[in-house]
Amino acid sequence: MSRELFTSEEDGVRVDKYLSTVSSISRTRAQQLCELGLVKVNGQPVKSAYKLEVDDVVEAEIPDDEPLAIEPENIPLDILY
């Protein structure tokens, strides 16, 4: 899990949109992190629709991605030319 700190230089921007522009995560991922309580502004957990003010400190704890376990499946195929 990595922790990232940012200081907002914009006023009135949603926290999820802000995180998607300053970090490597998507806006949807930022919304999920907010729902899990992993995004804090000035030390308080916030919802994804929270509007930032100038000099707000945004802290995001980003869990490591889980590797996908893709297993091959033996299925009969008829190849037609």
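## Two helices in contact

Helix α1 (residues 15-22) and helix α2 (residues 27-35) have axes that come within 8 Å and cross at roughly 125°. Axes are lines fitted to C-alpha atoms, for helices over the stretch in contact, and angles run from 0 to 180 degrees between N-to-C directions. Helices are DSSP runs (H or I, at least four residues), and so are strands (E, at least two), numbered from the N terminus. The model is predicted: local features need pLDDT of at least 70, side-chain atom pairs count only at pLDDT 80 or more, and totals for chains, interfaces and linings use all residues. Residues are numbered from 1 along each chain as its sequence is written, and side-chain values use heavy atoms, with hydrogens and water left out.

Contact means heavy atoms within 4.5 Å.

## The buried face of α1

Which residues of α1 are buried? They are Val-15, Asp-16, Tyr-18 and Leu-19. Buried means under 20% relative accessible area, exposed over 50%, partly exposed in between (1.4 Å probe, protein chains only). Down the axis of α1, its buried residues fall within an arc of 160°, so they line one face of the helix. The arc is that of the directions from the helix axis to the C-beta atoms. Their cover includes β1 (2-7), α2, β2 (39-41) and β4 (57-62).

## A loop residue

Ser-48 sits in the loop between β3 (44-45) and β4. Ser-48 counts as buried, at 18% relative accessibility. Not counting residues up to four places away in sequence, Ser-48 touches Arg-14, Val-15, Asp-16, Gln-31 and Cys-34.
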